[in-house]
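Thanks, everyone. I'll take one structure and go through it region by region. Here it is on the screen.

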Amino acid sequence: MERVRSSVSCWAEFGDLLCGEVLHSGTEVLLTTGSRDLLLFTAQHKRVKTILQFDSPVTSFALSDDKSHLYALCQNDGLYCTTLSLESSSHSQTTQNCDDCIVSTVSRDSLVVEDRNLQSFILVEGIIVTVGLQESFWSFDFYEVPNCSTRAIDYRKRAGLQVPAVATTIPHTTEDARVCCIYPSKDSASKRCTHQHHFYLEPLLFRLLFGVDASLAHSPVVLCGLPDGRLFCFPPLLPSCGEQRPRIRMLHSLEQSVTFIGTSVTGEQGPQCLVVAGQMGRILLIRANKANSDGKAADYSFIEQTVRGPVVCACVDGENLYYSTSTHLLTVQLNSSATSPSSSLSAAKEKQPERRTLPFQSAVSLSVCRVIALAEPLITPTGCVQLLALCLSGRLLQVTVPQRTEKDSASKITSTQVGQTVKDLLAGIGNVWERASSLKHQLQVNNNVLKHLNQVINICNLLLNSQKKDQKGSDCKPPISCHGTAKWSTLLQKDTLVLTCSLENSSNSALEEGWTLCVEIESPHSLRAEGSSRTYSFALKKLDWGQKVDVSVPLDVGAELFLPVKIHCFLVFSLQSLLHSKESSGDPVSQHLADKGCISLALNTLTLDWIDSLRIGEPASHGVIPEQNTAWEATHFFLSSRRICMKEQPMPQSGPHVVAIQISSELLKTWLGFHDCSTAALCISVLRWLISGTSEAKGQNLVEGPVLCARGLDGQPVRLLTKEVILSDVNSEGPLSAVEVQMESSSMSAVCGLHHAVLRRVQGLLQDASVKSVSPAHLRGQYLCETIRHAESLYKDLQDSRASAAFGGVIKTRTSLFPLYLELRKHPLLIL
């Protein structure tokens, strides 16, 4: 496609548009942007001077003859008329600040023709001609404009015409009707530049087309192109004899929606022709034929041509047609060679117009895109054509097209220019290739990010659904789980308790880069009042289905480690990993994601107690446990750490400390599934169950008998013993068999820690559904009374000790607190 190096200047920007219309009147520009605002733009200062706001979107507008009134047609509303003086506005423009903008609201009092079916209108010699679509016909109504001198405000309807609508086009009508006014050249030459959609035509062609009466009376003729392609004409000022309304007739059918109607000069100072443009690119030229020998035109012809469509808007200047498709602004020269006459008036009457196809190559691009509205072209003193265009992007452009001559079009370019053109084309191809490669890379990156994000969402759904099933009591295995074991390790001649967490992926999705395994170790029984907590993070590279990864966390066995501790395992995904750090380092979105963009999913919650920290297989001796600190010394140390004052002297005591728990044999057999096993096998199974903890293999391999010796967290020897006992004074139906678990150690902290660990395991046993179905034992009333009486007495002694400490500030440990502890040790806890 040939191109013209036209110059383009942007006057203003109004944002993205869907439709619009523009009118150039002197130094002022009137335009609409598809909204209910009509803008008065000054070309001198390149800014909006006045904004007129209507009740509904403005579809078309026009100025009166003296430019004192503005007529605006609003969608589904009607025709408005408001006063507007361009000269006074221009005069006040010089005295006001350039940043000022007058906003005026047009009320419904200015509504002169109220009809929601109106589609178009035109102002002709003091008459307003409106075009509207009723249910099954098109109506053309004539309203007389009142005389301003008489101060009349009534727009009286003068006459009306109706044309049947084509039924097949009514539901599909999307374009409005196009109207224009044609004058004989003698009367309209001076008015052509001051009216919108007003054109002139040579008198001979005017008489041939519209009749002798209109030509003699110098009456203008209104042409209306309907969306169905029919072109009608009628003289609004020339009613026929004996009738109160003018006659209307169809001039031609274009068979596609009419976009533009105007006049053109088809040769150098040559004859004029009527130009009609269709939406799909069909151009109709109507011109006079010089068939007689005396040179007078005897008839006229219809010539149809085709250009590249669709035609969104168009305008004509001389012999050039400027029109816009949805992408380009093009120009076509309508010269005499392209419009040579070859048909007569009889051929036109037989509806057989000559059709010629205008090649696409003859359309010249002006290098302007997405134009939706064009104003009437202006000719500069140098012969250039200036077009005022409104684009879809909302820009108001002034396009200056240089003057083209046949000499310029016929001249040949030199070899240097050819070489430069080739260089420009190659450079353009290189730039396009670079942009396409960059765009392709960016699309690939976006696709990868979307795939990764989709996988993250799938993993979130799997874990959340698994947690819902766990809350309902389902026993299904979670898709992603974390298990922990505690082992002792010697590093730099120092014993360290190491927690190993195993993350296992059983889902169908892989944990790729961006996921982090976080292990939070919470110790609620620390010396601090609020407890202590530490979090360790481990970044994952990739964990496919069926794989697992082990991470190790050292536990401090010094003074700050108090068992039991809770271990919270959860997965964290950082949304920042979806972005490239180098490309988005300064991006505010990237900064926001770096601060707050993460997803946290909870996994398992584990508990590590004294039994899990035992060093099995490293006892000092399988015999008697050596004597260490007494219970009084341990209690004294504990109370001193809490800054509680004591006046009594230590009470010496020797021998290991023993704590026991008794569990019903029937309860254990039901849970372990050993209904017919012997007593010795039951005791060994119970000890294995207690030792297994977080690792089942640990208890199965290291327990061979009912006695287990090991070292505790503080390094002191401990011993766990299980044996069967017969309780005769508990069950009313007879003796009750139970398994007694004894914990022995010379360390008071070891005994207390083991006792708590065994109780925690028994509490978990009692939550099992199979255990809940076991029928409870029938307890003797005397046993219950003695137990309750003993507990009440101990509780009363404890309250007395706390009351004396509150009033006196000193706890009498020797006489009250320590005997209470001894009494609790003498009676083992019984679990039924």
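Look at the hairpin of strand 31 and strand 32, where 3 residues sit between the strands. Gly394 in that hairpin takes a positive phi near 90 degrees. Keep in mind that this is a predicted model.

Now the strands on either side of that turn.

Which other strand is joined to strand 32 by 6 bridges? Strand 1, residues 7-13, and this pair also runs antiparallel. Here Glu13 stands opposite Arg395 of strand 32.

How many of the residues of strand 32 are buried? The count is 6 of the 7 in residues 395-401, so strand 32 is largely enclosed by the rest of the structure.

On to helices. Helix 10 spans residues 665-672 and helix 11 spans residues 679-692. Their axes come within 11 Å and cross at roughly 65 degrees. Angles from 65 to 115 count as roughly perpendicular, and helix 10 and helix 11 are therefore roughly perpendicular to each other. The crossing is left-handed.

What makes the contact? From helix 10: Ser665, Leu668, Lys669, Trp671 and Leu672. From helix 11: Leu682, Ser685, Val686 and Trp689. By class, that is 6 nonpolar, 2 polar and 1 charged residues.

Two single residues now. Lys542 first. Where is it found? In the loop between strand 36, residues 532-539, and strand 37, residues 548-555. Lys542 has a relative accessible area of 52%. The cut-off for exposed is over 50%, so Lys542 is exposed. Beyond residues up to four places away in sequence, Lys542 touches Ala510, Leu511, Glu512 and Gln547. Trp515 is 27 residues from Lys542 in sequence, and the C-alpha to C-alpha distance is 8.6 Å.

Then Arg158, which is found in strand 14, residues 156-164. At 42% relative accessibility, Arg158 counts as partly exposed. Setting aside neighbours within four places in sequence, Arg158 is in contact with Ile127, Phe142, Tyr143 and Leu237. Take Phe142 from that list: it lies 16 residues from Arg158 along the chain, with the C-alpha atoms separated by 5.3 Å.

Last, the whole chain. The protein chain has 16 helices and 45 strands. Of its 832 residues, 44% count as buried. Among contacts with a separation of 6 or more, 59% come from residues 24 or more positions apart.

That's the tour. Over to you.

Methods: Residues numbered from 1 in each chain as written. Predicted model: local features only at pLDDT ≥ 70, side-chain atom pairs only at ≥ 80, totals over all residues. Heavy atoms only, no water. Buried < 20%, exposed > 50% of the residue type's maximum accessible area, 1.4 Å probe, protein only. Helix = DSSP H or I, 4+ residues; strand = E, 2+ residues; numbered from the N terminus. Pairing = 2+ DSSP bridges. Axes fitted to C-alpha atoms, helices over the stretch in contact; angles between N-to-C directions. Parallel < 35°, antiparallel > 145°, perpendicular 65-115°, else oblique. Left-handed = near helix turned anticlockwise from the far one by under 90°. Contact = heavy atoms within 4.5 Å. Nonpolar A, V, L, I, M, F, W, Y, C, P; charged D, E, K, R; others polar.
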